Structure formats: structure tokens, C-alpha cells
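Trainee: Could you take me closely through one part of this model, namely a charged side chain and the partners around it? I would like the criteria stated along with the values.

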Amino acid sequence: MKSDPSYFDIRIATCERDLQAAQRLRYRVFVEELGGDGALVDHEKRLERDEFDPVVDHLCLIDTRRSPEELDHVVGVYRLLPGLRAEEFGRFYCDGEYDLTKLRGSGRSLLELGRSCVDAAYRGGSGMFLLWNALADYVLDLRVELLFGVASFHGTDTQALAPSLSWLHHNHLAAEALRPKALPEGYQPMDLIPAENLERREALIGMPALIKAYLRLGGRVGDGAYIDRDFNTTDVFLLMDTAAMSEKHRKFYEGRWQGQ
């Protein structure tokens, strides 16, 4: 799929070079920039890898001006795991942090989003918008009803994150019937500040842009954050119900469907 600006392409990774370039981008962001690590990370080759990479779809934003030979051409990536494929594999990534029993029991079609990142030089531009447009096509093709994944705050100092975590808990908690709960070994309560003592501006300033984007789409959060010390992050579970999106975004998705 060709996209503007004219030097951008967006595609599902189609070869080993695309996959490794996505893993190189993830290494730059999650390891070098954010201080993360993991059992399968290849520090010598600078590739951030894990056991899910062979079974997911990697939605890649490509800058055609950059070198595939140097694994430099992928400048944005989303990792996508449809529910049926997760069943065959045995689990979702989120199963390592949250109890997904209620989601699995909902009888609705699921899609897990993960490892979203954009090269530092492309943040604040059109790159994330292009990725989300392509994600909309993917969701519509698979008739996905519930999108979910963990989104991360950098660091594990929950007192510093208290305004943002508390705001999410008091204002964006998912419905009980669908609400996953963080597993006990990493569970961190998010209701750290009473609702009446919260300041919206302070809470939102400390919130990553990706989380705010999910909230604009009607995103809801799970019960508790999860402290991921390997990746030096505090993770929150985000759930988006395509049937409950804001009218503006629902029309956007419906318009894309009718245009196909």
C-alpha cells in the first residue's frame, strides 16, 4: 500500500530482511533508548527479539530512501496477533502480565497489538497516522471486535507515575465483564491518588502519546498496572471495543469499510 509522503510504504513484513529491520528498530527504541532487555535479545546484532516474532504479523512503516541492506528501512512497526492464531500458538503476549479469562470468554473476535514503536526522527510526523490507517484496514479485513495490548510508561517509579495511573483508573476503567487484571507477581494498584485530588493537566502531561491516542479512540484500561523490570516499564492494559468507539472514529472506520 503506497502512502504519502511519497517515500513511505506500509506493508506486512514480507521477508527476513523486513523482520530483522523491525527487530533492529525495536532494539534502538526498547533497549538502547529505554533500557529494556529480554532472554532472546541479540545484543551483538542489535536485534530485539522474542518467541512471538515467528507467529505475528509485523506491520512496517518503510522509508524507501533508507537502506534495506543495513536494516535501516523500517522506521515504524506494530506487531499484530489475531485471536485464532494466538489459540494455535497457545497464548497472547499479554498472558504473561494479565489474566485474559474474561476476554477469551466474551465470544468476540480479538486482536492483540504490541511492540509499537517509531524511529525518533519520525515521531510527531505522519508516520504514526499512516500506521494507524493501515491498522484500520487490517482490523476491517479480519472483522476484529476487540483490540488490546499493553502500553508502557518508562520506568518503574510508580509514585512519579501516580497522577497518570490514577487518572486512568478513575476515568477509563474497562467494564467489569471484560476487564483483565494484572497478574499478582507484577500487580501495581493504579488508584494511588483520590479522584478529587487529581489535576487533569498534570495527569495527561505525564502520559505517553500512544496511551493518549488509545484513549481518544475510546480505550479502556485493565485492573492494575504491571511492573516489567526486564523492560524497565510500568505497563497498563488497554482495550478498545470497535462497537463502542467514539462517533467520530466509528465513522472513520465505517467509511474505510465502505470504500473497500
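Mentor: Contact here means heavy atoms within 4.5 Å. The model is a predicted one, in which local features need pLDDT of at least 70 and side-chain atom pairs count only at pLDDT 80 or more, while totals for chains, interfaces and linings use all residues. Residues are numbered from 1 along each chain as its sequence is written, and side-chain values use heavy atoms, with hydrogens and water left out.

The part to examine is Arg115, which lies in strand S6; strands (E, at least two residues) and helices (H or I, at least four) are DSSP runs, numbered from the N terminus. Leaving aside residues up to four places away in sequence, Arg115 touches Arg26, Phe30, Glu48, Asp50, Val77, Arg79, Tyr93 and Phe231. Its relative accessible area is 13%, so Arg115 is buried; the class means under 20%, with exposed over 50% and partly exposed in between (1.4 Å probe, protein chains only).

Among these neighbours, Asp50 forms a salt bridge with Arg115, the closest N and O atoms being 3.1 Å apart. This pair links distant parts of the chain, since strand S6 covers residues 110–118 and Asp50 sits in the loop between H1 and S3, 65 residues apart from Arg115. A salt bridge requires a side-chain nitrogen of Lys or Arg within 4 Å of a carboxyl oxygen of Asp or Glu. Side chains of opposite charge can pair when their charged atoms come close.

Asp50 also meets the side chain of Arg79 in a salt bridge, at 2.8 Å from N to O. Arg79 belongs to strand S4 (residues 74–82) and Asp50 to the loop between helix H1 (16–33) and strand S3 (57–63), so this pair ties together parts that are 29 residues apart in sequence. Both partners are buried: Arg79 has 5% relative accessibility, and Asp50 has a relative accessible area of 9%.

Elsewhere, the side chains of Glu176 and Arg179 meet in a salt bridge of 3.1 Å, N to O. There Glu176 is partly exposed, with a relative accessible area of 48%, whereas Arg179 counts as buried at 19%. The structure as a whole holds 21 salt bridges.
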